[in-house]
Amino acid sequence: VHIMVYITVEKDPALLKSRVIASSIQTNPSNVRKIMANLKKSGLIVTQQGKVTPQLARPAEAISLLDIFKSLPGDNHLLQVDTKTNMDCVIGANIQDTLKATYDKLQANVEKEMAEISLAQLTADLSEKAIAKDSSQEQKLSDFVQKREASRQTHEEKNVFRNRKS
């Protein structure tokens, strides 16, 4: 999510290098490149080998928190059932099935909520908080908000056009 918001806001190619993004996340650049590879594989960003130009593959309004979550490799469960319990104990032998049903229900509910939260919403929330903390960030972030509004309007116009064709 951090990388997606970063790409959404930052347009300066010098600041889109994996080394710079890594400093924001406090990780190493190879981790950023791995995450970006997953985001690209999931169709969320577009990159060009050898160029520092990661871009969103579609408008921020059309990318949900769930889309980003699903781009993670492996088993995407928020809660994990402990499989190492004592099967000779009545609780240990039955807790997995009990928790699995509950965790699956929670997962479905959380994913439904995540699908309703757009990258644009997250970025707008971040912008408001950042400006409140440091007004010097207002110009960069207000540029984002203006571009987002224009993009949202274009996105809505395309949807209206598609609906008319249907």
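Predicted model: local features only at pLDDT ≥ 70, side-chain atom pairs only at ≥ 80, totals over all residues.
1. In this note, contact means heavy atoms within 4.5 Å. By that criterion, I3, M4 and I7 of α1 meet V32, I35, M36 and L39 of α3. The contact of α1 with α3 comprises 7 nonpolar residues, with no polar and no charged residues.

2. Helix α3 covers residues 29-41.

3. The buried residues of α3 are V32, M36 and L39. Viewed down the axis of α3, these buried residues lie within an arc of 55 degrees and therefore line one face of the helix. On the face of α3 turned away from the buried side, the exposed residues are K34 and K41.

4. Against which elements do the buried residues of α3 pack? The partners are α1 (2-9), α2 (18-25), β1 (45-46) and α4 (65-70).

5. The geometry of the α1 and α3 pair deserves a separate remark. The axes of these two helices come within 10 Å and cross at roughly 80 degrees. Angles of 65 to 115 degrees count as roughly perpendicular, so α1 is roughly perpendicular to α3.

6. For α2 and α3, the packing angle is about 100 degrees and the axes are 8 Å apart. This angle makes α2 roughly perpendicular to α3. The α2 side of the contact consists of S18, R19, I21, A22 and I25, while α3 contributes P29, V32, R33 and M36. By class, this contact has 6 nonpolar, 1 polar and 2 charged residues.

7. Within α2 itself, S18, V20, I21 and A22 are buried. The buried residues of α2 pack against α1 and α3. Of the residues named here, S18, I21 and A22 also take part in the contact with α3.

8. Q26 follows α2 and has a positive phi, near 65 degrees.

Notes: Residues numbered from 1 in each chain as written. Heavy atoms only, no water. Helix = DSSP H or I, 4+ residues; strand = E, 2+ residues; numbered from the N terminus. Expected span 1.5 Å × (residues − 1). Buried < 20%, exposed > 50% of the residue type's maximum accessible area, 1.4 Å probe, protein only. Arc of directions from axis to C-beta. Axes fitted to C-alpha atoms, helices over the stretch in contact; angles between N-to-C directions. Parallel < 35°, antiparallel > 145°, perpendicular 65-115°, else oblique. Nonpolar A, V, L, I, M, F, W, Y, C, P; charged D, E, K, R; others polar.
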